[in-house]
Amino acid sequence: LPRADLISLDRGVLLFTTLVSIAVRIAFSVLPALHVTRTGLRKVLNESTGSTSSVYGRRLLSGLVIAEVAVALVLLVGAGLMSRSLMKLLQVDPGFEPANLVAAQVFLPTTKYRERHRLVQFFDDVIEQVRSEPGVNAASAVSSFPLHEVSTASALPFSIEGRAPPATEDPLADVRTVAPGYFETMRIPLLAGRYFDERDEAEAQLTSVINETMARSYFPDRSPLGQVIQNPHGNSVIVGVVRDVRNQGLDREPKKQVYLPLHQNPVAGMALVARAESDPLVVAGILQRTIWTVDAEQAIFDLSTMDQIM
């Protein structure tokens, strides 16, 4: 647990809860006792057996019953609505296959990994070793895992060469850097063109892959393949179109998405992802062990399965 040494009992909170407990005990024991002494024991017993009753007693009892039913009804309706919303969210297609996926978030220190090629080499080494482990179907990396909102710095202003943007469109797209094999690992379907591969190296022509929302908005009458995206990372040629992924949450519509290859756009913070043949927790241990094999000093900031994230 982070900062476990700072966890302690707070005297103020302890005193407050003690006083509240005493007040509740008084309210639920002393006050009824006072009521009994005022009205007389025989009268109270007669009211409880139904032989006689007072207007005050009937009103009090009726008020309690009404309050209990009202509170129970509110809780029941709230629970029903929450369950219904949960069931609807679980039925939403996230755009990838979440079963047996595990991810580990890593932020490489720039003081140690100053050169771009060292960043790429670290992730390449980890991915290659994880792929070779038994029980692992596939492995890759992405700068921001699905269902995690990208930071403001990753909201990419862009334009399409020779094409004006739609009047109602926001000229920003979420950008995610991905390692080779990411789409295959996540099982994000390819709709047109190709995935990233060995052709997308650092010295090659800059390339990008877009999602279907961006393709539908900017290329309703033509194929986006071969078109050029102008952006601060450099002009890149669109080589593929993939299915929409609900990166912002299951309850939100997909945004325009641009994927850039890791070798052409290396970043220090990546989520290493692996798909297990059966048990993702076994692969979680493999992922953790492999990261420390490549760099024993590297911290892992978050290790979780896709089921836990969802």
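Biologist: Against which elements do the buried residues of helix 7 pack?

Modeller: This is a predicted model, and in it the buried residues of helix 7 are Pro280, Val283, Ala284, Ile286, Leu287, Thr290 and Ile291. They cover an arc of only 165° around the axis, which puts them on the same side of helix 7. The elements that these buried residues pack against are strand 1, helix 4, strand 2, strand 11 and strand 12 (302–305).

Biologist: Which residues are exposed on the other side of helix 7?

Modeller: One of them is Thr293, which lies in helix 7 and has a relative accessible area of 55%. A residue counts as exposed when that value is over 50%, so Thr293 is exposed at 55%. The exposed residues on the other side of helix 7 are Leu281 and Thr293.

Biologist: How far apart in space are Thr293 and Val126, C-alpha to C-alpha?

Modeller: Val126 is one of the buried residues of helix 4, whereas Thr293 lies in helix 7. Along the sequence, Thr293 and Val126 are 167 residues apart, but from C-alpha to C-alpha the separation in space is 8.5 Å.

Biologist: What span should helix 4 have, and how far apart are its end C-alpha atoms?

Modeller: Helix 4 has 16 residues, and at 1.5 Å a residue they should span 22 Å.

Biologist: Where around helix 4 do its buried residues lie, and which elements do they pack against?

Modeller: The buried residues of helix 4 are Leu119, Val120, Phe122, Phe123, Val126, Ile127 and Val130. They cover an arc of only 155° around the axis, which puts them on the same side of helix 4. On the other side of helix 4, His117 and Glu128 are exposed. The elements that the buried residues of helix 4 pack against are strand 1, strand 2, strand 11 and helix 7.

Biologist: Which element gives the most residues to the largest nonpolar core?

Modeller: This core has 25 residues, of which Leu108, Phe122, Phe123, Val130, Leu272, Ala274 and Ile291 touch the most other members. At least two residues each are supplied to this core by strand 1 (101–107), helix 4 (116–131), strand 2, strand 11 and helix 7 (280–294). With 6 residues, the element that gives the most to this core is helix 4.

Biologist: Is Met214 buried or exposed?

Modeller: Met214 is found in helix 6 (residues 212–218), and its contacts beyond four places in sequence are with Phe158, Ile160, Phe219, Ile229, Lys256, Gln257 and Val258. The C-alpha atoms of Met214 and Gln257 are separated by 6.6 Å, although these residues are 43 places apart along the chain. Residues under 20% relative accessible area count as buried, so at 0% Met214 is buried.

Biologist: What value does phi have at Asn100, and what value at Arg187?

Modeller: Asn100 is found in the loop between helix 3 (55–90) and strand 1, and Arg187 in the loop between helix 5 (182–186) and strand 6 (190–193). Asn100 is partly exposed, with a relative accessible area of 24%, and Arg187 is partly exposed too, at 38%. Phi of Asn100 is near 65°, and phi of Arg187 is about 60°.

Biologist: How many helices and strands does the chain have?

Modeller: The chain has 310 residues, of which 36% count as buried. Its secondary structure comes to 8 helices and 12 strands.

Definitions and conventions. Residues numbered from 1 in each chain as written. Predicted model: local features only at pLDDT ≥ 70, side-chain atom pairs only at ≥ 80, totals over all residues. Heavy atoms only, no water. Core = buried A, V, L, I, M, F, W, Y, C linked by side-chain atoms within 4.5 Å. Buried < 20%, exposed > 50% of the residue type's maximum accessible area, 1.4 Å probe, protein only. Helix = DSSP H or I, 4+ residues; strand = E, 2+ residues; numbered from the N terminus. Expected span 1.5 Å × (residues − 1). Arc of directions from axis to C-beta. Contact = heavy atoms within 4.5 Å.
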